[in-house]
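Please keep the sequence and the structure in view while reading.

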Amino acid sequence: MWLGIISLFPEIFDALSYGITGRAISSGLVTIAHFNPRDFTQDKHRRVDDRPYGGGAGMVMKVEPLEKAIAAAKNLHPTASVIYMNPQGQTLTQEIVQKLAQRSALLFLNGRYEGIDERIATYVDEEYSIGDYVISGGELASMVTLDAIIRCLPGALGDENSAKQDSFTEHRLDYPHYTRPECINGITVPKVLQSGDHKAIERWRLKQALGRTWQRRPDLFVKHPLTIEEQTLLNEFILENVPTAGDLLQTKRKD
Ligand code: 9D3
């Protein structure tokens, strides 16, 4: 997969060279090409921003350096879709990420300051936000999106991790994890995990995942309803986790 990045701060993307994304890059699974709008300026001050028409605080990214950066990228990869990360875009989901991961070339356009001149919109194919909170520019949003895309690529995850995400793990929260030692501060590892009974372990994990989803993210059950088998497991979880009289009297509180 070819990934083009248009940014005034290409160094931000150096963090992709660690871990899963780093291995995907060094193995040649992904190729990243940077285009800095500042390199496409003509004036001696290399200006990439200017004051907004109509006045007000902040600056706006100028059209010409962005147009030239897009042209340079499209010259290398004419079919690349231009993705503009901005707060007005559609909120990114795992479904969108999986669709993006199927493309052969993407070009990420990153805004700084108050954003880009609206006339660049004619070059933009898709716009995404990473959620309803304010960050300082498009780069970190692109990083999140790139990481999510790259780990979807066949061969990006190590062999032991590569078992493709099933619909269950995508639409439910994870189950609790434990490693050695067996006892820490009086809290022990659930016995079933040490039983070697793989069928029982699988069932326990499924039950915990459903229980935690019910407790913390019941909204996930609206879009992805419980199957009959899941409902049975969740009922068991609820019954097994009914607060005791001691819990209700708060006799165990440490504060
Ligand atoms: C505080 C400035 N805001 C005035 C109403 C507008 C604004 C401009 C530029 C808000 C954020 C930004 C920079 N953010 C992004 O470019 C961005 C972003 C985000 O802030 N939140 C979630 N997703 C994204 S994608 C790109």
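Strand S5 gives the largest share of the shell around the ligand, with three residues. Helices (H or I, at least four residues) and strands (E, at least two) are DSSP runs, numbered from the N terminus. This is a predicted model, in which local features need pLDDT of at least 70 and side-chain atom pairs count only at pLDDT 80 or more, while totals for chains, interfaces and linings use all residues. Residues are numbered from 1 along each chain as its sequence is written, and side-chain values use heavy atoms, with hydrogens and water left out.

**The ligand site**

Three elements each supply at least two residues of the shell: strand S5 (81-91), strand S7 (126-129) and helix H4 (138-150). There are 16 residues around the ligand, and those that come nearest are Met 85, Ile 130, Gly 131, Tyr 133 and Ile 135. Here a residue is near a molecule if one of its heavy atoms lies within 4 Å of it.

What kinds of residue form the shell around the ligand? Nine are nonpolar, six are polar and one is charged. In this grouping Ala, Val, Leu, Ile, Met, Phe, Trp, Tyr, Cys and Pro count as nonpolar, Asp, Glu, Lys and Arg as charged, and the others, Gly among them, as polar.

| Residue (backbone atom) | Ligand atom | Distance |
|---|---|---|
| Tyr 133 | nitrogen | 2.8 Å |
| Ile 130 | nitrogen | 3.0 Å |
| Gly 138 | oxygen | 3.4 Å |

The protein covers 69% of the 570 Å² of accessible area that the ligand has on its own. Such areas come from the Shrake-Rupley method with a 1.4 Å probe; for residues, only the protein chains shown count as cover.

Glu 139 is in helix H4. Is Glu 139 buried or exposed? Its relative accessibility is 0%, so Glu 139 counts as buried. Buried means under 20% relative accessible area, exposed over 50%, and partly exposed in between (1.4 Å probe, protein chains only).

The side chain of Glu 139 makes a polar contact of 2.6 Å with the side chain of Ser 7 and another of 2.8 Å with that of Arg 112. A polar contact is a pair of N or O atoms within 3.5 Å; within protein, one must be able to donate a hydrogen and the other to accept it, and residues adjacent in sequence count only if both atoms are side-chain atoms.

Asp 147 also has its place in helix H4. Asp 147 counts as partly exposed because its relative accessibility is 35%. From C-alpha to C-alpha, Asp 147 and Arg 23 are 12 Å apart in space, and they are 124 residues apart in sequence.

**Backbone angles in the loops**

Most residues other than glycine have a negative phi, and most peptide bonds are trans. Arg 46 has a positive phi, near 55°, and is found in the loop between strand S2 (31-35) and strand S3 (49-50). With a relative accessible area of 37%, Arg 46 is partly exposed.

Asn 185 has a positive phi as well, near 50°. Asn 185 lies in the loop between S8 and strand S9 (187-188), and counts as exposed because its relative accessibility is 76%.

The peptide bond from Arg 180 to Pro 181 is cis, with omega near 5°. Pro 181 is placed in the loop between helix H5 (167-171) and strand S8 (183-184).
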